[in-house]
Every structure is written in structure tokens, then in C-alpha cells.
Amino acid sequence: MKIKRYKHARRYLGFYKNLFNFQEPHLVLVDGTFTCMALRHKTNIQEQLPKYLGGNIQLMTTKCAIVETESLGKELFGAAAILKRYKILKCPHREKPVPGADCFTELIGEENKQHYYIATQDPELTEHVHTIPGIPLLYMNMNAIVLEKPSKASNHFAEKLTKKKTKPSAVEKETLKQLKGTEEKSKVERQKKRRRPKEPNPLSVKRKKKNKSVQETPKGAETAGRRKRRNRSKVAKHIREQMRTSDER
Ligand SMILES: [Zn+2]
């Protein structure tokens, strides 16, 4: 189970790295719901997360997330204390803190340009994260940290991007057009060449006539000649002389 979890994480990390240009250090925005769950299951995020994701990790949170967690009662003081150990990102709510989910939503923006990971158990924040392509989501499953499978929005964006990459550019289009033109030209030439043998070949016509004359005339003559020769050879010399003398008479 653990191996499978790690294997999936590697694959998803590759997805974000290749299609959304995620680079190290991994910037993980953590809220109070996540640290609360980790604390409940005695999971040390700072120890476990680098092992799970591999490479450099920067755990981060915001003042808003800390204030919200602290405000939820004594039970969450431990979770808030963990958050305070992380790097505190400057958010635009210094004067008036907002709920952690709203604060994170604003930091992510519409494109997650800073390449943040979001670590949360908050269903509403999770739902929002799912609508924006390119946000890796981390959650706790009992005592295990899990990198969620890329959302539909991420996959859809990735598909579009791949299509765009495989589509020919303007220059490539022009080259293709030119190539197509030369191809058509050579096609026409090939057709022209192919038509040539269809025209009557003067040589073959001549040969036909010759054959005809050869076949028509000498058949009878040839056989007669042969007969003559045969007759001549069959008649003995003294008989032939007798025939000549009788003719002379
Ligand atoms: Zn804030």
C-alpha cells in the first residue's frame, strides 16, 4: 500500500513538473485542518512530507490560517502551534484576517502562478482547488499523507496544452503548404508520365505491319520450295539424267 502511494506520488509529481513547470523547492501551503489531522494521527509533517514528495520542501502558511485555527478553541492550539513553525507568507489581509480558505484562494489566484501545493482537509477549499488547473492537493488519510490524483481541470488543461504543442506553428504551416504544393506538382508530372505509354508506339505499329506481311505471303511459297527441295533430293542422279535426255528429245 505504501509502495503504491509513493509510486502514484512520483507519477503525479512528474505530471505537475512536466506540464505546469513545478520545480523544487516544493512550496506547500498548509492550513489548520491539515495540521490538526496530522497531530491527531501523530504524523510529523516536517519529517514525512519530504520523504513522500522527495527533494526540497518549503512548508508555508499565512497569518489568516493561524488566526482562524487559534480562534476555533483550545483543542486546536496544537495545530496552530505547528503552523507557526512554518514560513509565514505575506497575504493582503494583515489588517483584517480572513478565513484560511479565503486567504489561500486569493494567494492561488486564477492560475497558481507561484506553483503552490495546498495541504488541507477543508472540503470547500478542496472543491475550489479542483476547479483550477495545476494545483497539487495534499490531504491526510488517517496517518498517511496523500498527494491527490490530478483533477479533471488539470487533466483537461494538460490535454489542451499537448494538442497546442503538437499543432504546427505559422512557419511550420507555411512549410507544409509549400511541401504540399511541390507534392501536387510532382503528382501531376507523374500522371503526365503515366499517360505517355497510352499513346500509340510507332515502333510497335511498324513491327505489327511487318509481321503481317511475313505471315501472309511466304507460307505457300515456303512449303512449295520445301517440297521442291525434297523432290529434288529424292530423285536419283541417273534418273534425273534420263529425264533430261527424254526432255531434249
Ligand atoms: Zn490572508
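Start by selecting the zinc ion: its protein donors are Cys64 (SG), Cys91 (SG), His93 (ND1) and Cys103 (SG), lying 2.2 to 2.3 Å from it. Donors here are N, O and S atoms within 2.8 Å of the metal (3.2 Å for Na, K and Ca), and water is not among the atoms, so sites may look incomplete. Bear in mind that this is a predicted model, in which local features need pLDDT of at least 70, side-chain atom pairs count only at pLDDT 80 or more, and totals for chains, interfaces and linings use all residues. Residues are numbered from 1 along each chain as its sequence is written, and side-chain values use heavy atoms, with hydrogens and water left out.

Stay with the zinc ion and display the angles among its 4 donor atoms: they run from 104 to 116 degrees, a tetrahedral site (for four donors, all angles between 85 and 135 degrees). Along the chain, the donors follow the spacing C-x26-C-x1-H-x9-C.

Cysteine 64 counts as buried because its relative accessibility is 1%, and cysteine 91 counts as buried at 12% (buried means under 20% relative accessible area, exposed over 50%, partly exposed in between; 1.4 Å probe, protein chains only). If you look for disulfides (cysteine sulfur pairs within 2.5 Å), the whole structure has 0.

Next, move to the largest nonpolar core, with 48 residues; Leu49, Tyr52, Ile118 and Leu138 have the most contacts inside it. Such a core is a set of buried Ala, Val, Leu, Ile, Met, Phe, Trp, Tyr and Cys residues joined through side-chain atoms within 4.5 Å.

Finish on leucine 138: beyond its neighbours within four places in sequence, its contacts (heavy atoms within 4.5 Å) include Val28, Phe34, Tyr117 and Ile145.

Conventions
Four donors count as tetrahedral if all angles lie between 85 and 135 degrees; four count as square planar and six as octahedral if opposite donors are over 155 degrees apart and all others between 65 and 115; anything else is irregular.
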